[in-house]
Amino acid sequence: MNIINYISNIAVPFSILLIIIYGVIEKNKVFDTFLEGAKDGLKIVYNIFPTLLGLFLAINVLRESGVIDFIINFINPFLKLMKIPAEILPLALLRPISGSASMAVATDIMTKYGVDSFIGLISSTIMGSTETTLYTIALYTSAIKVKRIRFVLFAALMADLVGMISSVVFWQIMS
Amino acid sequence: MLNKIWPLFIIISFIYSIYSGNISNVNNAIFSSAEETVNLCITLLGTLCLWNGIMNIAIKTSLIQKLTKFLKPFISILFPDLKNDKDISEQVSMNVIANMLGLGNASTPIGLKAITSMQEKNKDKTTLNNSMAMFILINTASLQIIPTTVISIRSSLGSSNPSKIILAVWVATVCAFLTAVILGKLLSKKF
């Protein structure tokens, strides 16, 4: 446990240190190079802001209108057949859409049912093993202004589904 | 894609909110989403610029070439079309390495650079080619060695063993990753 904490604390400083030492050894103008790269960061945020604004609007109205709750009520009977706890459904639905929203939901679930309970463990595993799929796709496709994304959305959502089912099955076997 | 999904989400939400009586919540959500975006972009701005700067140093050193060599066999299986493109496959492996280390803020700028370079070589600018599709897919699958964010949430909620989930996360993330890769390979031949 302490070792894992230590590793996660040291990962970022260690990477930066390693990169800068490499730069110095290879006689790079490290500070000039840093400034040049940082300037590119400004352009990236400038480019993704409108996309994020649009997506945040869509996700927030979808949640606040009650559409997400409606879908949850609709899918619930199917989940019961597969012994998947319905409590994790809001998380499963929001996880691919919004990182901040799913984090809020996961925290809420863990507080409500217990962080080390069956449901709490599943929620943690889902958060750790999946990514904000729609955001990731939108980020990359909008940066290069591509219109047709072919099978990417389908395959990515299937991968999320498999990740979530694996999370549930893992804890069903373990408990 | 988003040209269809985005209006659909909004139209459905507005109509449903009238039916469900949540119209005032929706009204608030419209303005709060603008605020949330600004907040996110401000936090993103700092870390993105910082990592872009640091990673710019990394790109100019031989460090990445060393890590790239290690990843090379895997990258050439996943991206057969990038065989003759040293720069792009380097950026792709850097993005993968940053993702695996959980350096989300580091992987995104590199990833954006990689896909922009791929787009320059892309024949049909409006459609993803196979390499670009696979690249986005492995980014959505998030192969992460240490799920630091969840572990810190769990410990803040008073878990008796916050890192208990690591093995489960590895199993789930590998299953998801394999699904993404296999589906990507199969579907790229037909769609």
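A residue is called buried here under 20% relative accessible area, exposed over 50%, and partly exposed in between, with a 1.4 Å probe and protein chains only. By that rule B:D85 is buried, with a relative accessible area of 19%.

A word on the source. This is a predicted model, in which local features need pLDDT of at least 70 and side-chain atom pairs count only at pLDDT 80 or more, while totals for chains, interfaces and linings use all residues. Residues are numbered from 1 along each chain as its sequence is written, chains are lettered from A and ligands numbered from 1 in the order in which they are written, and side-chain values use heavy atoms, with hydrogens and water left out.

Let me turn to chain B as a whole. Its secondary structure comprises eight helices and zero strands, where helices (H or I, at least four residues) and strands (E, at least two) are DSSP runs numbered from the N terminus. The order along the sequence is therefore α-α-α-α-α-α-α-α. The C-alpha atoms of chain B occupy a box of roughly 60 × 50 × 35 Å along the principal axes. Of the 191 residues in chain B, 49% are buried. Among the contacts in chain B with a separation of 6 or more, 58% join residues 24 or more positions apart.

The surface of chain B is next. Its accessible area is about 9,500 Å², and carbon and sulfur atoms hold 67% of that; the areas come from the Shrake-Rupley method with a 1.4 Å probe, and for residues only the protein chains shown count as cover.

Now the interface. Here 88 residues of chain A are in contact with 105 residues of chain B. About 8,200 Å² is buried between chain A and chain B, with carbon and sulfur atoms giving 76%. Buried area is the accessible area (1.4 Å probe) that two parts lose on being put together, summed over both. On the side of chain A, the residues A:Y140, A:R150 and A:F151 supply 9% of the area buried against chain B, more than any other three residues.

How many salt bridges are there between chain A and chain B? The count is three, a salt bridge being a side-chain nitrogen of Lys or Arg within 4 Å of a carboxyl oxygen of Asp or Glu. Over all chains the count comes to five. As background, side chains of opposite charge can pair when their charged atoms come close.

One of these pairs is B:K60 with A:E36, whose closest N and O atoms are 3.3 Å apart. This pair runs between chains, from helix α2 of chain B to helix α2 of chain A. B:K60 is partly exposed at 41% relative accessibility, and A:E36 is partly exposed at 46%. A:E36 also touches B:N56. B:N56 lies in helix α2 of chain B, residues 23-60, and is buried, with a relative accessible area of 5%.

B:R154 sits in helix α7 of chain B, residues 148-156, and A:D116 in the loop between α5 (99-113) and α6 (118-129) of chain A. Is B:R154 buried or exposed? B:R154 is buried, at 0% relative accessibility, whereas A:D116 is partly exposed at 28%.

Within chain B, the side chains of B:K121 and B:D85 meet in a salt bridge of 2.9 Å, N to O. B:K121 belongs to helix α5 (residues 104-121) and B:D85 to the loop between α3 (63-78) and α4 (86-100), so the pair ties together parts 36 residues apart in sequence.

Finally, the backbone of chain A. A:K27 has a positive phi of about 60° although it is not a glycine. A:K27 is found in the loop between α1 (2-25) and α2 (30-64) of chain A and is exposed, with a relative accessible area of 76%. A:K145, likewise not a glycine, has a positive phi of about 55°. A:K145 lies in the loop between α7 (133-143) and α8 (152-174) of chain A, and is exposed at 61% relative accessibility.

Technical notes: Contact means heavy atoms within 4.5 Å. Lists of a residue's contacts leave out its neighbours within four places in sequence.
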